[in-house]
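I opened the model today to look up a few things. My notes follow the structure.

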Amino acid sequence: MDMTYAGAEPKVARRKRSAIARYAAPYLFISPWILGFLFFTLGPLVFSLTMSFYDWPVVGVRSFVGLDNYRSMLFEDPQFWESLWITVKFAAIYVPFNIVMSFLLALMLHHITFASGFFRTAFYLPSVISGVALVTIWSWIYSKEYGLLNFMLSFVGIKGPNWLGDPNLAIVAIIIASLWGLGGTMLILLTGLKAIPKELYEAATVSGVPGWAQTLFITLPMLGPMLLFTFITSIISAFQQLTIALLLTKGGPLGSTYFFAMYIYDNAFKYFDMGYAAAGSWVMFIIVLLLSIAVMRWSAAWVYYEGEVRQNDGEHNA
Amino acid sequence: MAAIRIENLRKGFGSLEVLKGINLDIADGEFVCFLGPSGCGKSTLLRSIAGLEDLDGGSIHLGERDITEVASAKRDIAMVFQNYALYPHMNVRKNLSFGLALNGMKRDEIDRRVENAADILRIKELLARKPRQLSGGQRQRVAIGRAIVREPKLFLLDEPLSNLDAGLRVTMRVELAALHERLGVTMIYVTHDQVEAMTLSDRVVVLDKGKVSQFGTPLELFYQPANLFVAGFIGSPRMNFVTTEVTGQVDASVTLAGGGLAHPLTLEMLNAAPIAGAKSVTLGIRPDKIELVSAEAGHLVGDVRLVERLGTESHVHISLQNGGDMTAVVRGTHPVSARERVHLRLPAEHCHLFDGDGRAVARRLDVETQTLINQEKAKRVA
């Protein structure tokens, strides 16, 4: 009688099947993320790159134009350079302010003991408020006639300017409004501060190292990786600045707050030139990428990683 | 002069009182260990001396100078931390010189001190390395080096060897003793390891629940523990205790019975001073002094629960017939085995006696032990 038992399966076949299961299992577990990445990130990326080589109106015939979109943007479109210059100016002021103020705020919150939870929440809260709500609040603050800012300035005898109507002040107003959301950066730095062993400060205190030197020579180097991270993310968010400018000033007055992201937005949704807008997006991506690479290279001089052993540090002997 | 005088030192965290009136006199050049279980306040006491804690009361004098309110940096002290507290982003040379440079010391003097410390600790070849590239022992040396370069009057060491493996701990212990000998400065060392305390110290402060339980030389603590806590804490395996009663009192011949004692013991036999009015007392005996004897000669009866054979000696864990446990240390080749019934003799001359409040009753030591303790004290004074 021929009988087959489940347990009688040849050993080699079983081993082969278990090997496949062993190698496939991790991929199966991460497959939802991989599918999401393929459809919602990589797909649109490739699609936008393709679009950037086309004359791609929303309605009408699409035609392949090669590098024409890039050529005309870089060499024939003065608005591209103007919007890029405004964005660079904004980033040059916003990024250092964002990091320095976040650091100082984190330092203060790290040292206060009274109601620290309340202050942490209070400073973090603006960064989770939606952009539209934030702009609504700031448009009231900046209002020339009824604005809170000018109302407060009137107490000290200053007649407040037209914050959003003056081409020189509008970008300042946007920088201030953007800095309102520094809670995220602050929280990252605060977490970094809390991770620095307090014995390092105690050892310095016993050795007579003054407080300012402890901040300069212990806190800042120990926060290096966090500062680098926030530096790069701040650059990225500065280049992506859109919501506040779009809703608060609409790029004005006189194009003084016409950011690069708004330039892309207008080409896509005002002029319906999707190919041109896609090319703009890729130009922005390349600029941010190059800046990030430059910052990463520069960071080797001032960022220290705990687990890192550099070539010139000598022989490893742990 | 770097003698330390601590008077009525108190420190609490919220409602928790950690130091409850500490009084200590530490002589110039002495090596003193703060010893005690976790939470006894030894690290807090050390940090208070370092100026890293705000005190609730009391005073600290370094020599003739009252340093109670003096900033940590100006106390003329150096501290070595349990986790070394080396700056991970600085190389060894920078770690050693960091504090000096920021205090305005001249480059030449800094270099001289760094080279000198590196020489003493044999870390010259490590000066260019980062802490990450050092072994545990090397990091420990650098941490000590950072203290040496300050040329302080007082060294404070907070469990500096606890992160090292057993072998390295022994090596570093010897090196620390040699360093103390060489530098001749006062050192205060916090540890929960009694072997470290006993081997390194001139004197040991045993702390219990924020109070000084006893302050004495290592042999004093071992042979003349002031109370039940010190008796139980010093010595490994720990001292055995039997609660017994004073049953008869005729002059100095106080008889102890109860607690399962088959033969009564008298204070005369124990070489102990008279006890005033105590009813219940505790008898203490070190495990190595217990003898396994025949039924007629035994004071206590019990069953062997476990025998731990360590080679030169064996630890015999015994459950006593009348309740309670005891540990006896016998020679390594002793044939005793688990589940065996044994009879224990408690040699009276080696028994410690504690009154109802847990305080030791004074007892006369044998000449040899007393001479040893006296020699240890004389060496400390010298």
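I started with contacts in chain B: residues 24 or more positions apart account for 64% of those with a separation of 6 or more. I took two residues as in contact if their C-beta atoms, placed from the backbone, lie within 7 Å.

This is a predicted model, so local features need pLDDT of at least 70 and side-chain atom pairs count only at pLDDT 80 or more, while totals for chains, interfaces and linings use all residues. Residues are numbered from 1 along each chain as its sequence is written, and chains are lettered from A and ligands numbered from 1 in the order in which they are written.

Next I looked at chain B as a whole. I found 10 helices and 20 strands. These are DSSP runs numbered from the N terminus (helices H or I, at least four residues; strands E, at least two). The C-alpha trace spans about 80 × 45 × 40 Å along its principal axes. Of the 382 residues in chain B, 41% count as buried, meaning 20 or more other C-beta atoms within 10 Å of a residue's own, with C-beta atoms placed from the backbone.

Then I turned to where the chains touch. Chain B gives 25 residues to the contact and chain A gives 24. On the chain B side, β6 and α2 each supply at least two residues. I sorted that side by class: 14 nonpolar, seven polar and four charged. Nonpolar covers Ala, Val, Leu, Ile, Met, Phe, Trp, Tyr, Cys and Pro; charged covers Asp, Glu, Lys and Arg; the others, Gly among them, are polar.

Last, I checked α9 of chain A (residues 198-206), where A:Ala203, A:Ala204, A:Thr205 and A:Val206 are buried. The buried residues of α9(A) pack against α10 (211-222) of chain A, together with α1 (42-50), β6 (77-80) and α2 (92-102) of chain B. After α9(A) comes A:Gly208, with a positive phi near 80 degrees.

How values were computed: Buried ≥ 20, exposed ≤ 12 C-beta atoms within 10 Å, placed from the backbone.
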